[in-house]
Amino acid sequence: MSLKQIAIDTLAKNDRGGFTIPTAGLYPYQWNWDSAFVALGIATYDIDRAWSEITTLIEGQWPDGMIPSIIFRSDDPDYFPGPARWGKTPGAIPSTGVSQPPVLATVVRQITSGPQGPARRAEVFDAIFAWHKWFHDARTVDGIVATVHPWETGRDNCPEWNIGLDKMEVAPELPPYTRMDNKHVNPAFRPSQEQYDKYLTIVHFGNSIGWDQRRLTDEGPFLMADPNIHFVLLRADKDLLAMATEIGKPAAVCEQIRAWIAKGEAASDYLWNDELGAFTARDIRTGEFSKGFSNCSALCFYADTGTPDQRRRTADNLRRIAGKVEFMLPSWDPDAPEFEAQRYWCGPLWPQMNYMTALGLAEQGEHDLGQIVRNGLCDAIEKSGFWECFNPLTGEGCVGANFSWTAAVWLSWQHETEQSDVA
Ligand code: DGY
């Protein structure tokens with residue numbers, strides 16, 4: 001069977017009726033940025049089904065505009081922490097109390113180029129605008145978009161977060177719990193127990209303040225700036241502005257988005273770690289930078305931001321790292337402490353990150369580097385199949401098998417190749 005067909009079958013098996021789970025067992029709910037990437041893949045053969053991925057995600061939106069990281073339409077004993085542990089949340093559907101990198105606007109713009117495009121963009125515009133507004137209001141500290149939980153960044157146990165986690169205490173009153181992730185996959189691929197205790201401590205704090213998002217940002221136990229959320233949001237703001245103009249939104253709406261973009265452009269410098277020549281995470285309360293090039297450092301190209309010198313040094317880092325691994329792009333710098341080739345975000349390459357990085361590099365004229373990043377993922381998939389992530393030294397699959405976004409990115413690139421062959 002062709003990889004294309006296996007990818008389509010993978011998405012069909014993970015379909016739960018209008019939305020797609022990342023993979024059975026380990027992640028049995030609808031995840032935010034997973035659904036956006038899934039829509040990208042399904043749009044190559046069924047735009048109506050792709051669209052329902054977007055609209056079901058928006059159904060989970062909170063009254064304050066936040067779209068949460070996980071929407072709990074059921075209570076599945078296979079997953080922890082499920083709806084009971086997150087407590088009462090204000091959306092129409094139970095959910096987590098944190099968000100995820102907002103790729104939605106970019107995906108919507110990309111998949112709605114057909115005849116129904118303007119109507120579809122108009123249908124979801126206000127919801128996405130409200131979500132971006134939430135990031136710029138409830139999650140911003142002194143002009144910098146912050147994050148309150150490693151789960152919100154989507155890059156759970158990346159060593160960048162240890163700066164913030166090391167400063168935290170585990171809540172003494174933390175209720176006991178049993179992890180489920182380690183029952184589904186090899187614990188050596190997953191975050192440590194100490195990290196889990198701290199993840200749960202943040203959840204406990206959020207729950208204790210009734211998920212007041214301004215208080216969670218200002219008073220929560222963890223407050224860092226994430227290049228992933230920063231660059232993804234900046235790019236998404238630019239796509240949102242393009243859609244606002246195309247569908248004729250009022251001037252005040254366009255002005256608001258322009259102001260967010262200007263704020264985002266200025267904030268890129270805050271994440272520039274001159275010592276490493278890279279955009280890295282930073283603890284907002286102390287200003288401390290993380291010490292490694294991650295797989296979101298080069299998203300400056302995707303967001304079309306950064307000075308020529310910052311971009312040149314970022315590209316130099318990519319070339320250095322390409323000389324160290326067989327399969328680009330590792331999630332953590334192989335030259336930095338705490339690199340582990342198989343442990344989740346401490347080293348493995350991640351399909352959605354390769355997708356965004358390769359796209360940005362190609363758009364900004366870095367074609368050779370873009371191709372290296374694209375080939376890294378394609379070679380790993382050809383060798384091992386549709387895994388959640390891959391060991392960058394060997395190409396072996398890690399963590400979840402039969403993974404939706406891996407299948408979706410493959411389909412999106414396959415479609416692009418087929419289209420360019422026709423042209
Ligand atoms: C998990 O459960 O590992 C997820 O990454 C949280 O979003």
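In this predicted model, the helices α5 (104-111), α6 (117-138) and α18 (404-422) each supply at least two residues of the lining of the largest pocket. The largest share of that lining, 3 residues, comes from α18. In total, 16 residues line the largest pocket, and Ala-43, Gln-110, Ile-111, Ser-113 and His-415 lie nearest its centre. By class, its lining has 5 nonpolar, 9 polar and 2 charged residues.

The second largest pocket has at least two lining residues from each of α16 (351-363), α17 (367-384) and α18. Its lining includes Gln-110, Tyr-355, His-367, Arg-374, Trp-413 and Glu-416.

| Pocket | Space | Lining by class |
|---|---|---|
| Largest pocket | About 330 Å³ | 5 nonpolar, 9 polar, 2 charged residues |
| Second largest pocket | About 190 Å³ | 5 nonpolar, 4 polar, 2 charged residues |

The ligand takes up the space of the largest cavity. Around the ligand stand Tyr-27, Trp-31, Tyr-79, Trp-151, Asp-156, Arg-190 and Tyr-344. This shell divides into 5 nonpolar, no polar and 2 charged residues.

For Tyr-79, a side-chain N or O atom is 2.5 Å from a ligand oxygen, and for Trp-31 the corresponding distance is 3.1 Å. A polar side-chain atom of Arg-190 lies 2.7 Å from an oxygen atom of the ligand. The ligand taken alone exposes 230 Å², of which the protein buries 94%.

Note on methods:
Residues numbered from 1 in each chain as written. Predicted model: local features only at pLDDT ≥ 70, side-chain atom pairs only at ≥ 80, totals over all residues. Heavy atoms only, no water. Near = heavy atom within 4 Å. Polar contact = N/O pair within 3.5 Å; in protein donor to acceptor, adjacent residues only side chain to side chain. Areas by Shrake-Rupley, 256 points an atom, 1.4 Å probe, with all protein chains shown as cover. 1 Å grid on protein atoms, 1.4 Å probe; cavity = no way out; pocket = protein on both sides within 12 Å on 5 of 7 lines; lining within 4 Å. Sits in = over half its atoms within 2 Å of the grid points. Nonpolar A, V, L, I, M, F, W, Y, C, P; charged D, E, K, R; others polar. Points joined across faces, edges and corners; volume = space filled by probe spheres on them. Helix = DSSP H or I, 4+ residues; strand = E, 2+ residues; numbered from the N terminus.
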